[in-house]
Amino acid sequence: SGFGEAYFNLAPDLKLIGGLRYTDDQKHFPMLPSFLLVQGWGSYVQKVVDQSWGEVTGRAAVNWTPKLDFTDQTLVYGSFARGYKAGGANPPGAVLLTYGDQDYGVVQPVHPLTFDPEFINAFELGTKNTLFDGALTLNGGLFYYDYKGYQISQIVDRTSINLNVDAKVKGAELEATYEPVPGLRFNFA
């Protein structure tokens, strides 16, 4: 992968930030089954899964550092970022081998062979503040994450497989640290 980021000051208190990343993923999975009750030794490759992805992602942000009478230092920011995580292959299900002509009604598990890449569009707005000659920090933010193909793991038939779902996450954060005298600090989040 390769990436770069650039900064541009529109004014002494206003900065634009932009970044791009190109990611090239190549994956090669020899599929080895998990056998139960098998005589002998060793295993064989059932099949091979080859996958590749090439994605451009990035971010854009703006930072404003106004001079305010009631704070020592303030940063107000907003950002948008597009992220990506490669997909992959799931392990094959466990295979139960039987001996003789007895039928135990065993069903061979079937797992999804592969899972897709995950993408996120992340939006954030927030502020970071220092007050009372550095004795108090007060930070707050809002966020909204929109996932396409969010990767979740699930235990099925003694193995972990990955699945994709769409998801949205939204919320707010508030944190503060207050140190009225050296050595005595209060944290709030």
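The mean pLDDT of this chain is 89, and 85% of its residues reach 70 or more; pLDDT is the predictor's confidence in each residue, from 0 to 100. So we are looking at a predicted model, in which local features need pLDDT of at least 70 and side-chain atom pairs count only at pLDDT 80 or more, while totals for chains, interfaces and linings use all residues. Residues are numbered from 1 along each chain as its sequence is written, and side-chain values use heavy atoms, with hydrogens and water left out.

Confidence by element, then. Strand β9, residues 118-131, has the highest mean pLDDT among the elements, 98. The lowest, 60, belongs to strand β3, residues 34-36. Elements here are DSSP runs numbered from the N terminus: helices are H or I with at least four residues, strands are E with at least two.

Next, a hairpin. Strand β11 (residues 159-181) and strand β12 (residues 184-188) run antiparallel and are joined by four bridges; strands count as paired if DSSP finds at least two bridges between them. Val181 stands opposite Leu184 in β12. Two residues lie between the strands, and Gly183 takes a positive phi near 95 degrees.

How many does a search of the whole structure find? Four, where a salt bridge is a side-chain nitrogen of Lys or Arg within 4 Å of a carboxyl oxygen of Asp or Glu.

One of them is between Glu179 and Arg185, with the closest N and O atoms 3.2 Å apart. Glu179 is partly exposed at 28% relative accessible area, and Arg185 is exposed at 53%. For the cut-offs, buried means under 20% relative accessible area, exposed over 50%, and partly exposed in between, with a 1.4 Å probe and protein chains only.

Another salt bridge joins the side chains of Glu5 and Arg59, at 3.1 Å from N to O. That pair links distant parts of the chain, with Glu5 in strand β1 (residues 2-11) and Arg59 in strand β4 (residues 47-64), 54 residues apart. Glu5 is partly exposed at 40%, and Arg59 is partly exposed at 34%.

Last, Lys168 and Asp146, whose side chains meet in a salt bridge at 3.0 Å, N to O. Here too distant parts of the chain are linked: Lys168 is in strand β11 and Asp146 in strand β10 (residues 136-156), 22 residues apart. Salt bridges that share partners join Asp146, Lys148 and Lys168 into one network.
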